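Please read the following note with the model open beside you, and check each point against it as you go.

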Amino acid sequence: MIIAERKPIPEIQSFVAGYHKVLVVGCGTCVAVCLAGGSKEAEILTNELTLSPKTAGARFESRTLERQCDMEFLSELDEQAAEYDALLSMACGAGVQLLAERFSRIPVFPAVNTSCIGVNRSVGWYEENCRACGTCVLALTAGICPVTRCAKGLFNGPCGGTNITSCEIHPDQPCAWHMIYERLAAQDRLQQIMEISPANDWRNQQPRTIVQPGYEERTSALKEQ
Amino acid sequence: MTQHATQQTEFTVTTKVLVIGAGLSGLASAEKIAEQGYQVLVLDQGARDDAECCYDPEMNTVLQDLRNKAQQHSSISLKTGARLKQLTGFSGNFQASLELDTGTEQLDIGAVVLATGYRCLPLFEHYNLRPGKTVLSIGDLEKLLTDETGKAQIKNGSGASIAFLSGFGDEGNPVATERVLKSAMAVQELEQCKAYVLAGNVKVGADGMERLFTRARNQGVTCIKPEGPPEAAIRDGVLNISFKDPTLRQDVNLAPDCIVLEESIAPDMENERLREVLRIDADDQGFLQTGNVHRLPVGTNREGIFASGTSAAVKTPEQAIRDAADVALQVREFLGNGTIQVSGSKAVVDEGRCVICLTCYRCCPHGAIAWEAKKAVISPIACQGCGICAAECPMDAIQLLDYTDEAMHSAIQEQVGTAEQPSILAFCCQNSAFEAAQTAHKMGLELPDRLRLIEVPCAGKIDVEDILRSFTSGAGAVLVLACHEGNCQSERGSTYASWRIREIQKRLKALGFDDKRLVFANLASNMPREFATITQDLASRISH
Ligand code: SF4
Ligand code: SF4
Ligand code: SF4
Ligand code: SF4
């Protein structure tokens, strides 16, 4: 799931300074689950902005949509959006962009920093687990992502800097490749650590458009319209 | 707040009870529960025969007796080599998954009784001694005392002096004291034998313990409380204990024939796993009950799950057996005849808003929440109405019937006062601060004119929006008054409240808003004077 963190209030205030009527738009999916931008957080931010002497005089209201990364859900705002002179999105960067595209005449600002793809450890506690490298190697690494959890993002390891359980960069930084070694050994498939994963083609980080197999024709038909 | 007329709803529950642990308290509880007409299944997970009662040979007879009775009872079924693997469903209607010798078995049960035992850990290392023929743990000695061969070994022909060391390695408890005294008396009874008890922390805080202590001394057991821990060593094969005697005011050397060392008592190995499977709280040692004063003697934080005997705390065998009556009573109260009435203000999920983030499931202190069909579901039987889930839900998808967001909102609006006379809005937990406030009023203590109270079921119900909204609506100051930690009826409600308030104070500060206008305090119901002081202080502070 996408994990985000609320931006510091002074930064948010600097975005909305000078606007008179602002709608805080929550997103009811990823950012709701990671407690950064659901309806509760949207309302909290609305109240904070209302309370702040710096933004005194302006009006803040909130509304939370199902997902901001789907046009269909954004269309629910079509009529209401025109009443505001700025939108403050609490969705991840993807949601903010689609919102900004849908309401391109109104300034749209982000209220959260999109941090990572991660897992929920407990209430309010998340860990990054994937950087969307596009060439998943988890099959060879016992289900532990070396790109994310190895401090150097090595596809093959461990490197000479391992202090067995920790990484040379910091005693608190666990060595991901040591964890991979341990788990492979425990599953009796340690020989897999010898298989060399080719370097990732990081050029794939250019804007990616994903079309699922079987949907190519549908996509091109839509594009032609 | 709008109090709904107390509505009663009827629910059907399963009248089968699962008892975990086939030791003294487990079997005694099973018998008493079966007497009430319920079906009981006893698993010998955790406590088996010896853990609870090895030190008292008499108790082995009691245990054997209980076991025979359980085997003969038509409503009790005893499973050996069985453990509880998983528990799902809700209080009153749990689904238990059992691991048996013969495979797994699914079972519907209404209530669970925990009756695990404890482990005795010898403390040789603490005394720098190695176990041997002349250095025993109390458990070793107890075993020797059970038969004539063992006793002969203790006597060692012409008679022996035995020194017991206790209460130096472990904090001590009545059970440890009882074990030492009983063994010392048994040794003293042996022909030509002499028992010395060197004790640090003697705990006599259990029934009959003081009497036992006097009896031991009258019988000739020498009891000494040395100043500081004694030093025990073996020199050239000879035992020596040196210590400072507070009565003689000098160093004394004792050369006994045998040293008997204390054992510390640790929770059953199964406790940790059971606590996870059952989602219940444990104390800091791992016993399955916290010291919460609001809990019934055998209650846990979950409705329908009870902790009996040594699963809950270190108890003497007599105490462990006595819990059975309490357990049976509680089970009866809970399951009744299979149809139970539930009333009171409960939390309800708005399915349309729930995004199944699991926050409520993880926060509910009473294990009242699970999920079904991709939505959170709250059991009205298990819900205690604290409102913690409602305050934490990131989608405002939970409403507590008597304290809906809307009701809180209008209560705030009504109480915030005017621009000239902004209120001091005090959110008071009904279990503590609200009562303190009432008493303060009755006692005629001076309270600020501008003080307005909003009663909440638990401080954990007050959410961030309530507080911010109080300020945006014009309140002059906000007080959040919670129970003392460890004394909160909803276990963590007061802790959650304190965390939230600290976070809001930080946020207010970042906004350039006077964060001193938000105050958090812990208060008990018998603290009306403190209530008055806190409110007066705040009033004088914000008037400047
Ligand atoms: S906009 Fe972002 S946060 Fe919201 S649902 Fe889509 S991906 Fe998740
Ligand atoms: S290798 Fe790591 S970063 Fe790449 S897709 Fe797999 S989990 Fe994500
Ligand atoms: S906290 Fe709210 S959104 Fe999350 S699972 Fe519970 S009811 Fe659903
Ligand atoms: S109100 Fe309290 S007890 Fe009831 S479900 Fe919510 S958190 Fe649990």
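1. The shell around ligand 3 is made up of 10 nonpolar residues, one polar residue and no charged residue; here Ala, Val, Leu, Ile, Met, Phe, Trp, Tyr, Cys and Pro count as nonpolar, Asp, Glu, Lys and Arg as charged, and the others, Gly among them, as polar. Among the residues around ligand 3 are Cys354(B), Cys357(B), Cys360(B) and Cys393(B), together with Ile398(B), where a residue belongs to the surroundings if one of its heavy atoms lies within 4 Å of the molecule.

2. This is a predicted model, in which local features need pLDDT of at least 70 and side-chain atom pairs count only at pLDDT 80 or more, while totals for chains, interfaces and linings use all residues. Residues are numbered from 1 along each chain as its sequence is written, chains are lettered from A and ligands numbered from 1 in the order in which they are written, and side-chain values use heavy atoms, with hydrogens and water left out.

3. Ligand 4 is surrounded by residues of chain B, including Cys364(B), Cys383(B), Cys386(B) and Cys389(B), and its shell holds eight nonpolar, four polar and no charged residues. Around ligand 2 one finds, among others, Cys130(A), Arg131(A), Cys133(A), Cys136(A) and Cys145(A), and that shell has eight nonpolar residues, one polar and one charged.

4. The largest nonpolar core has 75 residues, and Leu45(A), Leu88(A) and Ile398(B) are among those that touch the most other members; such a core is a set of buried Ala, Val, Leu, Ile, Met, Phe, Trp, Tyr and Cys residues joined through side-chain atoms within 4.5 Å, buried meaning under 20% relative accessible area (1.4 Å probe, protein chains only). Apart from it lies another core, of 32 residues, which includes Val19(B) and Ile340(B).

5. How many residues does the contact take from chain A and from chain B? Chain A gives 23 residues and chain B gives 25, contact meaning heavy atoms within 4.5 Å. The area buried between the two chains is about 2100 Å², with carbon and sulfur atoms giving 62% of it; this is the accessible area (1.4 Å probe) that two parts lose on being put together, summed over both. On the side of chain A, Lys40(A), Leu51(A) and Val123(A) lose the most area to chain B, together 31% of what that side buries.

6. Three salt bridges are found across this interface, each a side-chain nitrogen of Lys or Arg within 4 Å of a carboxyl oxygen of Asp or Glu. Lys40(A) also meets Glu465(B) in a salt bridge, at 3.2 Å from N to O.

Note on methods: Buried < 20%, exposed > 50% of the residue type's maximum accessible area, 1.4 Å probe, protein only.
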